[in-house]
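Here is a walk through one chain, from the overall layout down to a few single residues. Keep the model open beside the text and turn it as you go.

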Amino acid sequence: MATKAELANERNLYRSLCQQALQAEQIFRYHESINISLLSLSHISGMMQFERRFLKIDNPSLQTLRIVFQYAPILFRMDALTAVEIFLDNNRKTEKHSGLELGKHLESAYEILDIAASTWDAIHKGTNEVLLASTTKKVIASTLITVWSRMNLIVQESVGQANRYKLRTNCEEYTAGKCMNCGVTIMAAKWQFYESFRCHKCSSTTYYAILAQ
Ligand SMILES: [Zn+2]
């Protein structure tokens with residue numbers, strides 16, 4: 001049985017990570033926001049126990065799960081959905097105490113990821129077939145397209161009467177990236193900079209700023 005001080009510590013760790021994840025979300029750094037949210041998983045149980053028992057909050061808020069459900073499908077982060085699935089399987093009380101249907105949210109996140117994959121594929125091939133499919137799919141696909149446009153991943157072009165989308169960037173292309181920690185510049189395929197990785201110079205695991213689009 002954890003002591004009150006231990007639970008309070010877990011709660012502080014969770015709320016601090018939650019704050020960082022929300023800040024990253026506000027500046028559209030969705031990968032980072034997801035990564036921080038994943039770090040918060042191990043503190044959810046302690047946080048919920050503390051807030052329910054000592055702060056009398058029936059359903060403590062779980063913004064970091066909301067962040068994963070919202071952004072993981074858009075960014076093809078199957079790893080993040082899998083991590084949350086394992087977490088929910090091992091922490092059955094979380095759903096009950098959240099007052100939310102977390103299993104259903106997870107299920108629909110998987111479905112959206114599926115639609116995201118086929119939509120992205122259609123854009124890659126220059127066809128808009130997927131957009132003409134069932135209504136639900138169409139609504140989700142157009143939402144995805146809006147987000148990807150905002151993230152500058154795709155761009156709209158008019159072909160006669162029709163609007164088409166194309167990928168804005170070739171992710172295999174070599175480009176320069178700057179370590180956000182020590183500032184060293186390295187060359188790598190663009191997709192590598194979408195994740196954090198270990199810097200060869202300062203050894204910190206960090207993100208790189210892409211210097212050229
Ligand atoms: Zn570095």
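What share of the 213 residues in the chain is buried? Buried residues come to 27%, where buried calls for 20 or more other C-beta atoms within 10 Å of a residue's own, exposed for 12 or fewer, and partly exposed covers what lies in between, with C-beta atoms placed from the backbone. Before going on, bear in mind that this is a predicted model: local features need pLDDT of at least 70, side-chain atom pairs count only at pLDDT 80 or more, and totals for chains, interfaces and linings use all residues. Residues are numbered from 1 along each chain as its sequence is written.

The chain has seven helices and seven strands; both are DSSP runs numbered from the N terminus, with helices being H or I over at least four residues and strands being E over at least two. The C-alpha trace spans about 65 × 50 × 25 Å along its principal axes. Take the contacts between residues at least 6 apart in sequence, and 53% of them join residues at least 24 apart; a contact here means C-beta atoms, placed from the backbone, within 7 Å.

The chain is divided into domain 1 (4-97), domain 2 (111-167) and domain 3 (174-210), with bounds that come from an automatic or database domain assignment. Between domain 1 and domain 2, the C-alpha centres are 30 Å apart. Where these two touch, seven residues of domain 1 are in contact with seven residues of domain 2. On the domain 1 side, the residues divide into seven nonpolar, no polar and no charged. For that count, Ala, Val, Leu, Ile, Met, Phe, Trp, Tyr, Cys and Pro are nonpolar, Asp, Glu, Lys and Arg are charged, and the others, Gly among them, are polar.

Next, look inside. The largest nonpolar core has 37 residues, and those with the most contacts inside it are Val 68, Ala 72 and Ala 80. Such a core is a set of buried Ala, Val, Leu, Ile, Met, Phe, Trp, Tyr and Cys residues joined through C-beta atoms within 7 Å. Two or more residues come from each of helix H1 (4-26), helix H2 (30-54), helix H3 (63-71), helix H4 (78-90), H6 and helix H7 (135-150). Domain 1 (4-97) and domain 2 (111-167) each give this core at least three residues.

Phe 76 sits in the loop between H3 and H4. Its phi is near 60°, a positive value in a residue other than glycine. Phe 76 counts as partly exposed because 14 other C-beta atoms lie within 10 Å.

Helix H6 (residues 102-125) deserves a slow look. Its 24 residues should span 34 Å at 1.5 Å a residue, and its end C-alpha atoms are 35 Å apart, which agrees; the expected span is 1.5 Å times one less than the number of residues. Buried positions in H6 include Leu 102, Leu 106, Ala 109, Ile 112 and Ile 115, along with Ala 116, Thr 119, Trp 120 and Ile 123. An α-helix has 3.6 residues a turn, so residues three or four places apart point the same way. Asp 121 also belongs to helix H6, but it counts as exposed because it has 12 C-beta neighbours inside 10 Å. Just after H6, Gly 126 takes a positive phi of about 80°.

Finally, turn to the strands. E3 (residues 174-179) and E4 (residues 185-189) run antiparallel and are joined by five bridges; strands pair when DSSP finds at least two bridges between them. Thr 175 has Ala 188 as its bridge partner in E4, while Gly 177 has Ile 186. The two strands form a hairpin with five residues between them, and Gly 183 in the turn has a positive phi of about 90°. E3 also runs antiparallel to strand E7 (residues 208-210), with three bridges joining them; there, Cys 179 is partnered by Tyr 208.
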